[in-house]
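Biologist: Thanks for sitting down with me. Could you take me through this model and tell me what stands behind each label?

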Amino acid sequence: MTFEGRTIRKVGLRKIVEVGILLLLVAMPLSTGYLFSDFYIALFLRVFIFGIMMLGFDLLAGYCGLASFGHAMFFGTGAYVTAIVWKYLSDSVWLAIFIGLGLNTVLGYILGLLCVRTRTIYFVFLTFAFSQFFFVTANSWRLIGGTDGIAGIPLPTLLPGISLGHRISFYYFSLGFLAIAYWLARKIVNSHFGRVLRGIRQNEERTKFLGYNTSLEIRKVFLISALFASVAGTLIVGFQPFVPPYYYHWSLSGEFVIMEILGGMGTLVGPLLGAAIVIFMGDILSTWFKEAWMLCLGAIYVICVLYSPEGVIGILNNISVVGILKRLLSRFKRSSYLGKS
Amino acid sequence: MANLLYGITIGSTYALISCGLTIILGVMGVLNFAHGSFVMLGAYTGYTIIKLTGNFWLSFFLSPLVIALLAGIMEKFMVSRLYGKEVLFTLLLTFGMGMVFANAVLLIWGGSPYSIQLPYYFKGFVNLFGLYYPKFRLFVLFFSFLLVTFIWIFLNRSRWGLVIRAGLFDIETVQAFGINIYKVFNVLFLCCAGIAAVAGVIIGAMRSINPVMDADFITVAVIVIVIGGLGSFKGAVIGSLILGLAESFGAQAIPGLAKFTTWAIMAAVLLLRPEGLFPER
């Protein structure tokens with residue numbers, strides 16, 4: 001009874017916080033010029049796009065416990081497909097998203113079939129090796145730009161005649177996608193499928209004994225995370241009309257892993273926070289330290305993983321304003337009960 | 001014939017890199033993504049020592065020592081804290097260290113490529129039954145063969161090799177025999193980094209040194225391990241030779257797309273034997 005009540009209250013509280021943050025983000029561009037400059041809009045836009053990516057990644061790495069070190073291949077494929085579609089076919093944002101999703105479905109299916117045979121370290125190795133294949137291809141194939149990447153990509157349109165070229169309109173478009181992605185990911189996590197995934201992470205053998213085809217479930221979640229990555233890849237081209245082969249690079253895959261761990265694995269909110277932290281920190285460090293910013297970022301990763309491997313969410317849960325507030329709230333509640341009786 | 005010899009030479013340098021990675025992975029369960037950085041740092045340190053002293057052999061032996069020391073410190077103070085925790089943590093740690101090393105190299109040596117100067121007796125060619133082959137490559141071939149054989153004998157015939165091989169199967173039992181496995185881990189990490197640094201000096205003399213070579217060699221080593229089987233020394237050596245041959249023959253067959261042959265081989269191996277050629281467990 002108390003357990004039920006607690007979960008309901010927790011979910012209610014979380015919903016309020018979620019809607020509140022969404023409203024804040026919606027209101028943010030209105031304050032440009034007063035509080036935030038256009039520059040911060042761009043930073044937030046990047047956080048949204050990488051956030052969509054991270055939601056899918058968290059389903060795979062956080063909930064299912066299979067860390068991929070090559071997720072840039074789906075992100076990069078989404079970005080390259082989008083660039084090609086917008087440059088040579090049509091500048092419709094929907095067409096790019098659907099073609100990207102279609103291609104990544106095929107890719108995710110095939111690679112899932114190959115990678116699902118392995119677990120833990122071997123899975124990391126396999127995904128890494130495959131993503132390097134894509135990087136080398138993109139880096140050496142002149143037809144898709146080679147080392148130079150694809151430049152001169154036109155700005156997308158929402159519907160014929162309605163441009164998404166303006167920063168603010170694209171901000172809202174991406175925010176909408178982030179909200180949908182978050183809602184979808186929550187739905188997946190709370191569904192039966194989500195529980196099976198957690199079961200696989202905790203003990204795959206037992207999940208198998210319960211009658212689940214764990215390989216099939218892993219392939220499913222692999223494909224789902226590939227699709228999230230594809231949408232993120234499409235959106236990043238709308239944000240920055242230039243696609244370098246870096247989008248396939250292993251350091252980008254590494255960045256995803258870092259966002260995942262820095263934020264807190266298997267929490268959905270954590271990786272979003274992680275994305276925000278990595279992007280803002282990268283920006284701050286690159287202005288402070290100029291050429292040595294990668295060194296500082298790497299050092300920060302090392303320190304984080306050594307001293308707080310649960311990530312930001314873990315810290316927040318342990319020692320934080322939220323924790324203190326929670327404790328205060330519970331004390332206040334107890335005293336009010338006492339007062340009533 | 002030239003291709004065959006060249007492929008084996010390249011493959012043997014790959015073997016030096018990937019056998020260290022595979023042993024670290026198999027025994028310690030650590031995904032060392034900084035292994036490519038050790039190769040790169042070894043090459044740069046070797047370059048600097050040669051530039052300062054002009055002595056090739058000094059750099060050939062001193063540079064691995066320096067890198068091994070660095071790796072030993074890194075293991076002692078960082079990697080050892082994460083044993084028994086999630087795989088992703090060591091991955092992130094070594095990746096972060098890789099970033100630090102890569103940026104440090106860029107800051108210290110700049111972005112332009114270098115090449116290690118060979119002593120005069122290594123320059124020029126050797127006539128091998130009518131085939132002119134670079135002297136240094138021949139030396140590399142013999143040296144790597146000797147080193148790999150030595151490692152193999154060490155792993156299979158010595159007491160410490162027995163401990164390491166036992167660590168591949170069950171660490172707790174090894175500890176139960178009263179062996180300080182963490183000390184073994186430290187020495188192992190150090191030695192593997194040193195071997196990678198030797199390979200770095202060799203590659204620096206054979207090809208060139210550039211600040212993105214860490215990514216190239218970690219990729220190669222990972223593919224070798226995927227082909228050869230996780231944690232398997234034999235698999236790493238044979239996988240390296242296969243990869244070296246595939247690269248040299250691929251470069252002749254389809255110039256510019258040599259790397260693709262390696263992935264074709266990897267995909268084929270995965271489809272036929274998903275555990276790799278010589279699975280250890």
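Biologist: How many residues of chain B are in contact with chain A, and what makes a contact here?

Modeller: 33 residues of chain B are in contact with 34 residues of chain A. Two residues are in contact if their C-beta atoms, placed from the backbone, lie within 7 Å. This is a predicted model, in which local features need pLDDT of at least 70 and side-chain atom pairs count only at pLDDT 80 or more, while totals for chains, interfaces and linings use all residues. Residues are numbered from 1 along each chain as its sequence is written, and chains are lettered from A and ligands numbered from 1 in the order in which they are written.

Biologist: Which helix of chain B gives the most to the side that touches chain A?

Modeller: Helix 4 of chain B does, with 15 residues. Helix 4 (87-109), helix 9 (213-228) and helix 11 (258-272) each supply at least two. Helices (H or I, at least four residues) and strands (E, at least two) are DSSP runs, numbered from the N terminus.

Biologist: What is the secondary structure of chain B, and why is chain B called as compact as a globular protein of its length?

Modeller: Chain B has 11 helices and 2 strands. The radius of gyration of chain B, taken over C-alpha atoms, is 18 Å, close to the 19 Å from the globule rule for 281 residues, so chain B is as compact as a globular protein of that length. The rule is 2.2 Å times the number of residues to the power 0.38.

Biologist: Why is P154(A) called partly exposed?

Modeller: A residue is buried if 20 or more other C-beta atoms lie within 10 Å of its own, exposed if 12 or fewer, and partly exposed in between. P154(A) has 13 such neighbours, so P154(A) counts as partly exposed. P154(A) is in the loop between helix 5 (120-140) and strand 1 (157-159) of chain A.

Biologist: Which residues touch the most other members of the largest nonpolar core, and how many residues does that core have?

Modeller: The core has 195 residues, and I52(A), M53(A), A232(A) and V39(B) touch the most other members. A nonpolar core is a set of buried Ala, Val, Leu, Ile, Met, Phe, Trp, Tyr and Cys residues joined through C-beta atoms within 7 Å. Helix 8 (residues 181-206) of chain B gives the largest share of this core, 16 residues.
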